Amino acid sequence: MKIRWPKGFGHLSSKHSSCEIDFKEQQLKLSNLLENFNLNLESISESDYKLFFRFLKARQFNVEKSTEMLNKYFEWRGKKKVAELINTTQIPIKIDLYQRAYHGIDRLGRPIYIDCIGSSNIKQMLEIHPEKNFFNQWIYEYEFLVNVISISCQIYNALKEHLPKDSDITNINKDEIMNLLSLGEIQFQNFSTLNIIDMSGFNMGKFDGNCRKVIKELVSISQNYYPELLGKMIVINAPSIFGIIWNFLKPLIDERTAKKISVYTHSDDWKSVLFDLVDPDQLPKFLGGSPNYEGEWFNANIGPWSNQIILECIAEKYPNIPKPLIFSHTISKNNENIPEN
């Protein structure tokens, strides 16, 4: 049975893939993986294509290992009631205890995730909010990433490519986006993020049992259930104890992920590294940026996923994505939200 491949899907040259296989072999292996789950290959959704391809890539196109990984993923998803989680009403949490947010896009069109773990107070946060809620919130944000941020960035990048150079993309209309979607002009391959981790203020006192437990669980969620989303991680203001932290982290992450991480101390010129990748107006002021908004950076909601027209198109094109999830970050900008389970 022939698979209807979304335009651009799976186009990874052997030179850039995790193992030396060509596009035709990638198609064959993905087809075999899908058949292991008794899926209707003629009607499978684009989101499922992307999901299965990421897991296949995470296991270097080994179908047997990818099948095992996906079985564990589906079991975990049912146990955590993720489908219910992304449909539930959210409750606010004080984000100043652990400032983090998606903020802008880099020059490759990737969403930028900024995490200020250095200034966090994880112990106090867990005293105020149940541990379960905190991890639910992390899962919720990953679901927002793969279902909303990814599509909105790909729509934005397609608009930049197909519209005249002098077009104001911020004022695009719904018909232009839906036309691109209907024609299959949205490219789905190789979606990834740029992560900036600011460790300013981190010390051994913060690297306690609570912090280690949280980091260990978050790494597990990322690698086992949302693989192949990290494009590049830049750690800045790394403290003198980073060697101790890295010795804790290294056994938790795979070698391919480790190669995507670059570390800079406070004395290194990390700003020039960021500016090589990101325009200044896409970064908050504390990273040397020149954003066009007032207020706290983590409430700014900067990026294509804040464009109401783009979100409406996603809701219309992909009715299986819950609307509460699609519009969650436009409804509440002043507070971080944790979904109740």
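Analyst: A polar atom of the Ser-152 side chain lies 2.9 Å from the backbone oxygen of Ile-149. The model is predicted, and every distance here is computed from its atoms. Ser-152 belongs to helix H6. Its relative accessibility is 0%, so Ser-152 counts as buried, the cut-off being under 20%.

What does Ser-152 touch, leaving aside its neighbours within four places in sequence? The contacts are Pro-304, Trp-305, Ile-310 and Ile-314. Two of these names come back in helix H12, which covers residues 308-317. The buried residues of H12 are Ile-310, Leu-311, Cys-313, Ile-314 and Ala-315. The N-terminal end of H12 is capped by Asn-307, with a side-chain oxygen 3.0 Å from the backbone nitrogen of Ile-309.

Next comes the sheet. Five strands make up an open sheet with mixed pairing, in the order E2-E3-E4-E5-E6. Strand E2 (100-105) and strand E6 (261-265) are at the edges, each pairing on one side only. From one strand to the next, the twist averages 20°. Strands of a sheet pair through backbone hydrogen bonds, and the pairing can be parallel or antiparallel. E2 and strand E3 (residues 111-115) run antiparallel and are joined by four bridges. Within this pair, Ile-105 stands opposite Pro-111 of E3. Helix H6 packs on the sheet, where it touches E2, E3 and strand E4 (193-198). The direction of H6 makes about 5° with that of E2.

H6 also takes part in covering another helix. The buried residues of H3 are covered by elements that include helix H1 (23-35), H2, helix H4 (82-85), helix H6 (131-162) and helix H8 (209-225). Those buried residues are Val-63, Ser-66, Thr-67, Met-69, Leu-70, Tyr-73 and Trp-76. H3 has 17 residues (63-79), and at 1.5 Å a residue they should span 24 Å. Asn-62 caps the N-terminal end of H3, through a side-chain oxygen 3.1 Å from the backbone nitrogen of Glu-64. Just after H3, Lys-81 has a positive phi of about 55°.

One of the helices covering H3 is H2, and Phe-52 is found in H2 (residues 46-58). Is Phe-52 buried or exposed? Its relative accessible area is 2%, which is under the 20% cut-off, so Phe-52 is buried. Not counting residues up to four places away in sequence, Phe-52 touches Leu-30, Leu-33, Leu-34, Phe-37, Leu-39, Leu-70 and Phe-74. Leu-30 is 22 residues from Phe-52 along the chain, yet their C-alpha atoms are separated by 7.3 Å.

A last point concerns confidence. The protein chain averages a pLDDT of 86, and 85% of the residues score at least 70. Where pLDDT is low, the predicted coordinates should not be read in detail.

Methods
Residues are numbered from 1 along each chain as its sequence is written. This is a predicted model: local features need pLDDT of at least 70, side-chain atom pairs count only at pLDDT 80 or more; totals for chains, interfaces and linings use all residues. Side-chain values use heavy atoms; hydrogens and water are left out. Helices (H or I, at least four residues) and strands (E, at least two) are DSSP runs, numbered from the N terminus. Buried means under 20% relative accessible area, exposed over 50%, partly exposed in between (1.4 Å probe, protein chains only). Contact means heavy atoms within 4.5 Å. The expected span of a helix is 1.5 Å times one less than its number of residues. A polar contact is a pair of N or O atoms within 3.5 Å; within protein, one must be able to donate a hydrogen and the other to accept it, and residues adjacent in sequence count only if both atoms are side-chain atoms. Two strands pair if DSSP finds at least two bridges between them. Axes are lines fitted to C-alpha atoms, for helices over the stretch in contact, and angles run from 0 to 180 degrees between N-to-C directions. pLDDT is the predictor's confidence in each residue, from 0 to 100.
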